[in-house]
Amino acid sequence: LFATVELAPRDPILGLNEAFNADTRTDKVNLGVGVYFTDDGKLPLLRAVMAAEKARLEAQPARGYLPIEGIAAYDNAVQNLLFGADSALIQAGRVVTTQALGGTGALKLGADFLKRLSPEAVVAISDPSWENHRALFESAGFKVENYRYYDAASQSVDFAGMLASLKALPARSIVVLHACCHNPTGVDLSTEQWQQVVAACRDNGLTPFLDMAYQGFADGIDADGLAVRLFADSGLDFFVSSSFSKSFSLYGERVGALSIVTQSREESARVLSQIKRVIRTNYSNPPTHGASLVATVLNSPELRALWESELAEMRDRIKAMRQALVQKLAEHGAGRDFSFVLQQRGMFSYSGLSAEQVERLKTEHGIYAVSTGRICVAALNSRNIDRVATAIAAVLR
Ligand code: PMP
């Protein structure tokens, strides 16, 4: 049976982790992963999450099956975060939300449903994009193309190129958009640019699929919901995948959600019935623990306020690390202007380092980054930043 099975290529990011773990240097630094660490270099356990967990433990809930679409209080809370608590769409019953296995699970649920609706559609992802986007939509059976996005020369968005790519797509193409904190570049669209993207999707009959994996990491919950809100006002049908892996530091609990905006309450009921079918035939129903914690936090005014303050702490620390990196690179004689790092948002930075320079960082300095030059700013801290800046300056010389 397995005699002709080929060895699949290693996942580039997880492969990097394995190499990092095997490295015996005590001062090694891992800037490859997409994970937020505290200034102590630890994964945070949020106080709001601990409080919700304590309450849950004390309540000793039985471990029954959840409904196929997940915890209702969770699904509603996700809608409020994305669309705003006073959203007309929610009130009109035009949003269908189902709990999902992280942001990845939400993308896959949406992809599987879309494959049934538009089997011939092309999926367009940004160039570059989160490395799993292509693989995930291809594994759902789609042909995946790139739309132009990052311009290395200006270290910003090639917006004319992006619009031209979107306009060239056939009607019903699915466009995967990073709602905020673009992974891997850290380069986001402005409000005016988002408005033009919404218009391009409408004029060309495209199906937007917004990937929201970092809500709260750029400017705050509502501000980072801008793209979702603009699409909500557009009258278009669209998809949003949410992830709470980062914003609640609940990576391994697999807490995400898929939201779909339809034209009517009646359409929503039919769409929900189909999404439930996708869930039922894949994993039957979702797990309880992580989503119940998120639901408790989001539905309690005190815990929600605490969570937002903890999220703001993470966001501010990342911004402080961006500033420190730019300043220290200058001090260590990097000989290049790195101020673009301050304009980037979220956990990542496209540093502009070449694959060769990234390789030297690893072999000569024990500093691990993705070969594209992506570094995770959220893994920098007051103890490793000098080493990182010195090493980057050294490989640039
Ligand atoms: N989309 C993007 C853009 C991401 O960066 C990530 C996480 N790295 C995901 C989706 C998946 O999130 P999760 O870990 O919740 O599946």
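Let me begin with a term: a residue is buried if 20 or more other C-beta atoms lie within 10 Å of its own, exposed if 12 or fewer, and partly exposed in between, with C-beta atoms placed from the backbone. Helices (H or I, at least four residues) and strands (E, at least two) are DSSP runs, numbered from the N terminus.

Hello everyone! What we have here is a predicted model, where local features need pLDDT of at least 70, side-chain atom pairs count only at pLDDT 80 or more, and totals for chains, interfaces and linings use all residues. Residues are numbered from 1 along each chain as its sequence is written.

Now to H8, residues 191-203. This helix has 13 residues and reaches 18 Å from first C-alpha to last, close to the expected 18 Å; the expected span is 1.5 Å times one less than the number of residues. In H8, Val197, Val198 and Cys201 are buried. These lie within an arc of 100° seen down the axis, so they too line one face of the helix. On the face turned away sit the exposed residues Glu192 and Asp203. Covering the buried residues of H8 are, among others, helix H7 (159-168), strand S7 (174-178), strand S8 (207-212) and helix H10 (226-234). Just after H8, Gly205 takes a positive phi of about 65°.

Next, the core. A nonpolar core is a set of buried Ala, Val, Leu, Ile, Met, Phe, Trp, Tyr and Cys residues joined through C-beta atoms within 7 Å. The largest one here has 115 residues, and Val175, Leu210 and Val377 are among those with the most contacts inside it. Helix H13 (residues 301-331) gives this core its largest share, eight residues. At least three residues come from each of domain 1 (12-45 + 304-396) and domain 2 (65-287), with bounds from an automatic or database domain assignment.

Finally, which stretch does UniProt call a "coiled-coil region"? The unreviewed entry places that feature at residues 304-331, though such annotations may be inferred rather than shown by experiment. In the model, this span is 100% helix and 0% strand, with end C-alpha atoms 40 Å apart.

Notes. The arc is that of the directions from the helix axis to the C-beta atoms. Two residues are in contact if their C-beta atoms, placed from the backbone, lie within 7 Å.
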